[in-house]
Amino acid sequence: MTLAAVLCCAMTTTVFTACGSDDDNTNTPPAQPKVVSYQIDYSLEFPKEFTLNSVVCGNLYLLCDKIEVGYIDENGQEQREVINNGKWSKSVTYKYKKNLKTYLMLYVTKPASIDESSLTYDQYADQINIMPNQLEGITTFYDNGKSEKSPIATFSFYAKDTSNAWGKNKVPSVFDNVIKPEEKVLKIEYLN
């Protein structure tokens, strides 16, 4: 009887000890990966022609003598590049920081004058296709080597609205009001 009682106590102690060590392992949550950088895939396109409200339009920006884009590089400095053939793109990787703010600026050289008779479209608009947008164009990289498309809620976006059109007879008078010599067309800010 005594031997049975000793064996029963020994078995109970073993069971409780085993359960205790299982609890210790499950209470430690797995380490969450940390963000190390963001890659932003910028692009600007000034289409030669496009349809707006069922009308084929020409692009006011393409009437400019020169268009440059200013962007923030990986060191936080603005760089400028000339936009050729109406298209520009650049991928920039930024180290993670809580106050990341970046933008795209346009710097345009306007023509001295616009001859209405030389305009080939009946309507013109200030169309720009801009990336990134709220659905794509930013990738988050983690310290565990993984990456993912960044969640929309992580960033605040502002992009220029380009939805107005003017008849070619109005282009000489509205051009200077619509096309600014310097204009911020995209602003991105990290929210966390």
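Trainee: Where does Pro132 lie?

Mentor: Pro132 sits in the loop between β9 (129–131) and β10 (138–142). A strand is a DSSP run of E with at least two residues, a helix a run of H or I with at least four, and both are numbered from the N terminus. Keep in mind that this is a predicted model: local features need pLDDT of at least 70, side-chain atom pairs count only at pLDDT 80 or more, and totals for chains, interfaces and linings use all residues. Residues are numbered from 1 along each chain as its sequence is written, and side-chain values use heavy atoms, leaving out hydrogens and water.

Trainee: Which value of phi does Asn53 have?

Mentor: Phi of Asn53 is near 55°, which is positive in a residue other than glycine. Asn53 lies in the loop between β2 (49–52) and β3 (55–59). Asn85 also has a positive phi, about 55°, and is not a glycine. Asn85 belongs to the loop between β5 and β6 (87–95).

Trainee: Why is Asn53 called exposed?

Mentor: Set the value against the cut-offs. Buried is under 20% relative accessible area, exposed is over 50%, and partly exposed is in between, with a 1.4 Å probe and protein chains only. Asn53 has 67%, so Asn53 counts as exposed. Asn85 has 79%, so Asn85 is exposed.

Trainee: What about Cys57: buried or exposed?

Mentor: Cys57 has 1% relative accessibility, so Cys57 counts as buried. Cys64 has 11%, so Cys64 counts as buried too.

Trainee: How many disulfides does the structure hold?

Mentor: The structure holds 0. A disulfide is a covalent bond between the sulfur atoms of two cysteines. The test used is a pair of cysteine sulfur atoms within 2.5 Å.

Trainee: Why is Ile40 called buried?

Mentor: Its relative accessible area is 0%, so Ile40 is buried. Ile40 is in strand β1 (residues 35–45).

Trainee: Which residues is Ile40 in contact with?

Mentor: Contact means heavy atoms within 4.5 Å. Leaving aside neighbours within four places in sequence, the contacts of Ile40 include Val92, Tyr94, Thr102, Pro132 and Ile188. Ile40 and Ile188 are 148 residues apart in sequence, yet their C-alpha atoms are 9.9 Å apart. Across the chain, take contacts between residues at least 6 apart in sequence: 78% of those join residues at least 24 apart.

Trainee: What makes the buried residues of helix α2 lie on the same side?

Mentor: In α2 (residues 171–178), the buried ones are Val171, Val174, Phe175 and Val178. They cover an arc of only 125° around the axis, so they share one side of α2. The arc is taken from the directions from the helix axis to the C-beta atoms. On the other side, Ser173, Asp176 and Asn177 are exposed. The cover over the buried residues of α2 includes β8 (123–125), β13 (165–167) and β14.

Trainee: How do you know that β7 and β14 pair?

Mentor: Two strands pair if DSSP finds at least two bridges between them. Strand β7 (residues 101–109) and strand β14 (residues 182–190) have 7 bridges, in the antiparallel sense. Thr102, for one, has Ile188 in β14 as its bridge partner. Likewise, 3 bridges join β8 to antiparallel β13. There, Ala125 has Ala165 in β13 as its partner.

Trainee: What makes β5 and β12 edge strands?

Mentor: First, the order. An open sheet of 5 strands runs β5-β4-β7-β14-β12, with antiparallel pairing. Both β5 (78–82) and β12 (155–159) pair on one side only. The twist averages 15° from one strand to the next. Axes are lines fitted to C-alpha atoms, for helices over the stretch in contact, and angles run from 0 to 180 degrees between N-to-C directions.

Trainee: What is the order in the open sheet of 4 strands?

Mentor: The order is β2-β3-β8-β13, and the pairing is mixed. Here β2 and β13 are the edge strands, each pairing on one side only.

Trainee: How many helices and strands are in the chain?

Mentor: There are 2 helices and 14 strands. Of the 192 residues in the chain, 35% are buried.
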